[in-house]
Amino acid sequence: GMDPIKEQGHMWICRMALQAPVPEGWTAHEDGDGNTYFYHEAKGLSSWEHPSDQFFRRLYQRCKAVDDQLLAQNQGVSAAATHANKELSGQLELVKTRYEELKASADKVLQENEAFARSAAVRAQEAEELKMRHAA
């Protein structure tokens, strides 16, 4: 796990993970107790963990490993630090790109859900009208 006090430099990963939208193909649901779970209909998979959690865990582990290596070497600004910085910058760009993809996917699912809700409301109104006509 992450120590939020000692590892302030990695909290950006937590923030991104907590804000990550559900990837395309996955939907979020709640069980009867209010717990969130995730479902991928095409694959028939369900999970209590957000589908992107493993991605963010690996990112944290990579960043931590680089930090630990640099601390152990205790060389200040060195070729290793420069390389690690470039590597982390590249990884950060990948994370940002993946985050934007996930956000776009979540926005699409939200729009589809809103359209479904509007359609369901129209169907419910039609059913109510038919019920009233039949009762009369």
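Two strands count as paired if DSSP finds at least two bridges between them. By that rule, strand β2 (residues 36-40) pairs with β3 through three bridges, and the two run antiparallel. Strands and helices here are DSSP runs, numbered from the N terminus: E over at least two residues for strands, H or I over at least four for helices. This is a predicted model, so local features need pLDDT of at least 70 and side-chain atom pairs pLDDT 80 or more, while totals for chains, interfaces and linings use all residues. Residues are numbered from 1 along each chain as its sequence is written, and side-chain values use heavy atoms, without hydrogens or water.

**Sheet**
- Three strands form an open, antiparallel sheet in the order β1-β2-β3.
- Its edge strands, β1 (26-30) and β3 (45-47), each pair on one side only.
- His40 stands opposite Leu45 in β3.

**Largest pocket**
- A pocket is an open set of points on a 1 Å grid where a 1.4 Å probe fits, with protein on both sides within 12 Å along at least five of seven lines; lining residues have an atom within 4 Å of a point.
- The largest pocket holds about 230 Å³, a volume being the space filled by probe spheres set on the points.
- Helices α1 (11-19) and α2 (53-73) each give at least two lining residues.
- α2 supplies the largest share, five residues.
- Among the lining residues are Met2, Ile13, Phe56 and Arg57.
- The lining has seven nonpolar, one polar and two charged residues. Nonpolar means Ala, Val, Leu, Ile, Met, Phe, Trp, Tyr, Cys or Pro; charged means Asp, Glu, Lys or Arg; the others, Gly among them, are polar.

**Second largest pocket**
- About 200 Å³ of space lies here.
- Of its 13 lining residues, Gly25, Trp26, Thr27, Val109 and Glu112 lie nearest the centre.
- α3 gives the largest share, four residues.
- By class, the lining has four nonpolar, five polar and four charged residues.

**Aromatic pairs**
- The whole structure has two aromatic pairs. Rings of Phe, Tyr and Trp (its six-membered ring) pair with centres within 6.5 Å; planes under 30 degrees apart are stacked, over 60 edge-to-face, the rest tilted.
- Tyr37 and Trp48 sit edge-to-face, 5.8 Å centre to centre with 70° between planes.
- Phe55 and Phe56 are also edge-to-face, because their centres are 5.2 Å apart and their planes at 80°.
- Buried means under 20% relative accessible area, exposed over 50%, partly exposed in between (1.4 Å probe, protein chains only).
- Tyr37 is partly exposed at 26%, and Trp48 is exposed at 57%.
- Phe55 is partly exposed at 23%, whereas Phe56 is buried at 6%.
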